[in-house]
Amino acid sequence: MSKVEILKKYIQSLDGYKISDTHFQIGAKIHSSNFYYAKRLFQNSYYTARIAMLLAIKIKVTLMDKKQALTIVGYEMYSELLLSLIRNFLNEFGYLNINHYVTTDIDGEIKYLPNNVVFHDKIVIVVPITSTGSTINKISENIKKKRPETLKENITPFTVLQSYDPDDNFTNLIKQQNTLITLETKWQ
C-alpha cells in the first residue's frame, strides 16, 4: 500500500473528519453522500504536516530540477500552513529558491497575500479542496494576466481533496490535476 493510500485510509477512518452516508450540498448543483471537515485537516499541524510531506514528494518527482526557482500558490488562508510546510519540506529536499503566496477571492477578484507578488518560471498551485477545477483555472488565468510570458506547461496544479461525479457526462469538468484524495459526488 502506497503512502498516499495509507494517508487516504487513515483520514477516511478518523472520527469527525469524514461523515459518510449523509447528504451535503457542495455547490448549487453538486451534492455528496460524504462530508470532509476540511478545517480540521488543514488547520491542524499534525495532519497538515503529513499532507504537506506527500505533496512535497509529488512536487519533487514532478519538478526534478532543484536549482530552478519555484513559486507555490495556495487558495484562501486555510492553505497557508500547508504551503509553509510544503516549502520547508522542499527546502530539506534541496530546493532553495522558493516563494509562496496565498490567493483569496475578494468580490470575484483574485488577490495575493502578500501583495508584492514575484512569480518564478515554475509555478505550483495547491488547492486544498476542489469540485470542478474552476479554482485552479481562475488562479492560472490570473497568473497569466500578471505574468503573460507564463506557459501552461510551467504551471503544475495539485489538489488535496477532489470531489467529482464519475458520470461520463461530467468528464469535461474534471481538470487534469494531481489529486491525493477523491470524493465521489453527484450533480443534480
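# A tour outward from helix α5

Begin by selecting helix α5: on its face turned away from the buried side, it carries the exposed residues E141 and K145. Buried means under 20% relative accessible area, exposed over 50%, and partly exposed in between (1.4 Å probe, protein chains only). Helices (H or I, at least four residues) and strands (E, at least two) are DSSP runs, numbered from the N terminus.

This is a predicted model, in which local features need pLDDT of at least 70 and side-chain atom pairs count only at pLDDT 80 or more, while totals for chains, interfaces and linings use all residues. Residues are numbered from 1 along each chain as its sequence is written, and side-chain values use heavy atoms, with hydrogens and water left out.

Select T135, I136, I139, S140, N142 and I143, which are the buried residues of α5. They lie on the same side of α5 because they cover an arc of only 165° around the axis; the arc is that of the directions from the helix axis to the C-beta atoms. The helix comprises residues 134-146, and its end C-alpha atoms are 18 Å apart, in agreement with the 18 Å that 13 residues should span at 1.5 Å a residue. The expected span is 1.5 Å times one less than the number of residues.

**Strand β5.** Next select residues 70-75, where 6 of the 6 residues are buried. In a regular strand the side chains alternate between the two faces of the sheet. Here L70, I72 and G74 point one way, whereas T71, V73 and Y75 point the other way.

Which strands are joined to β5? Strand β6 (residues 98-106) runs parallel to β5 and is joined to it by 6 bridges, with V102 as the bridge partner of G74. Strand β8 (residues 122-130) is also parallel to β5, through 5 bridges, and K122 in β8 stands opposite L70. Two strands pair if DSSP finds at least two bridges between them.

**From β5 to helix α4.** In the loop between β5 and α4, select E76. This residue is not a glycine, yet its phi is positive, about 65°. Most residues other than glycine have a negative phi, and most peptide bonds are trans.

Continue to α4 (residues 80-92), which makes a right-handed β-α-β unit with β5 and β6. Right-handed means that, with the strands pointing away from the viewer, the path from the first strand over the helix to the second runs clockwise. Within α4, L82, L83, L85, I86, F89 and L90 are buried. They cover an arc of only 165° around the axis, and therefore sit on the same side of α4. After α4 comes G94, with a positive phi near 105°.

**N99 in strand β6.** Now select N99, which is found in β6. Is N99 buried or exposed? It counts as buried because its relative accessibility is 13%. Its side chain makes a polar contact of 2.7 Å with that of T71 and another of 3.5 Å with that of H120. A polar contact is a pair of N or O atoms within 3.5 Å; within protein, one must be able to donate a hydrogen and the other to accept it, and residues adjacent in sequence count only if both atoms are side-chain atoms.

**A cis peptide bond.** Finally, select P114, in the loop between β7 (109-113) and β8. The peptide bond from L113 to P114 is cis, with omega near -5°.

**The whole chain.** Display everything: the chain has 5 helices and 10 strands, and buried residues make up 44% of its 188 residues.
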